[in-house]
Amino acid sequence: MDIVILSRLQFAITTLYHFLFIPLTLGLAFFIAVLETMYVKTDNVKYKEMAKFWGKLFLVNFSMGVVTGIVQEFHFGMSWSEYSRFMGDIFGAPLALEALMAFFLESTFMGVWIFGWDKLSSKAHATVATLTALGTNLSAFWILVASSFMQHPVSYVIRNGRAEMVDFLTIVQNGYLPGQFSHIVLNGSMTAGVVIMAISAWHLLRNNATDFYAKSAKWGIVVTIIAGILG
């Protein structure tokens, strides 16, 4: 088989596997932040229990997304090194910002969220959960800045056999970006809602913690309907 076909196949498999985790991560991050906010407002311990339980799924899912995403980065530099050489000045900028601005933000606050249950007040912990969710979805934003340029290249010139950026702000304002970003965020929320419903239904059929999973299922239904309509 041709080396290009093999490279495409390898990258496609990695990307498909990677994207199995990304929408759920985006949706669960906001879902947990909402649950903690509800706990602060109502002082209902059920919301805290739900945030802890679904937070474990979020952490496992996030870890798998990070691992597969790192493999993708190596694909760009090794399997598609010529693309990286030609487009690196433009394509690399939003990816660097994703790491420096978004990934470090979400990772830092995620650590505080994990170890801060008994060390922070409920309001402070809910704030940390919200900042984690914002960081997670900010990662998606910068990735989609790079993706939107690939779909609709703007503000660049070809110089010395390479593409060079003209105006970074124009690239961030790419007309493809708002539709892509809203689509990913809302579909992530819908994915999270469906997964929450499915897991809750599985436990309810077995009469496991019926009050907890009944409440989770209701929230999953609400999130799925709202995100589905808006998406």
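Rings of Phe, Tyr and Trp, taking the six-membered ring of Trp, form a pair if their centres lie within 6.5 Å. In this predicted model, ring pairs join Phe 11, Phe 76, Tyr 83 and Phe 91 into a cluster. The structure holds 18 aromatic pairs.

**Aromatic rings**

- The pair formed by Phe 103 and Phe 104 is tilted, because the ring centres are 6.4 Å apart and the planes lie at 50°.
- Phe 103 counts as partly exposed because its relative accessibility is 25%, and Phe 104 counts as partly exposed at 46%.
- The ring of Trp 117 has the charged end of Lys 52 over it, 5.1 Å from the ring centre.

**The largest pocket**

- The volume of the largest pocket is about 1,100 Å³.
- Its lining comprises 35 residues, of which His 18, Ile 22, Gln 72, Leu 95 and Ile 143 are the closest to the centre.
- Two or more lining residues come from each of helix H1 (3–19), helix H2 (22–42), helix H3 (45–78), helix H4 (81–115), helix H5 (122–151) and helix H7 (177–205).
- H5 gives the largest share of this lining, nine residues.
- By class, the lining has 20 nonpolar, twelve polar and three charged residues.

**The second largest pocket**

- The second largest pocket has a volume of about 280 Å³.
- It is lined by 16 residues, and Phe 30, Phe 31, Val 34, Ser 189 and Val 223 are the closest to its centre.
- At least two of the lining residues come from each of H2, H7 and helix H8 (210–230).
- Twelve residues of this lining are nonpolar and four are polar, while no charged residues are present.

Methods. Residues numbered from 1 in each chain as written. Predicted model: local features only at pLDDT ≥ 70, side-chain atom pairs only at ≥ 80, totals over all residues. Heavy atoms only, no water. Phe/Tyr/Trp six-rings, centres within 6.5 Å; stacked < 30°, edge-to-face > 60°. Buried < 20%, exposed > 50% of the residue type's maximum accessible area, 1.4 Å probe, protein only. Lys NZ or Arg CZ within 6 Å of the ring centre and 35° of its normal. 1 Å grid on protein atoms, 1.4 Å probe; cavity = no way out; pocket = protein on both sides within 12 Å on 5 of 7 lines; lining within 4 Å. Points joined across faces, edges and corners; volume = space filled by probe spheres on them. Helix = DSSP H or I, 4+ residues; strand = E, 2+ residues; numbered from the N terminus. Nonpolar A, V, L, I, M, F, W, Y, C, P; charged D, E, K, R; others polar.
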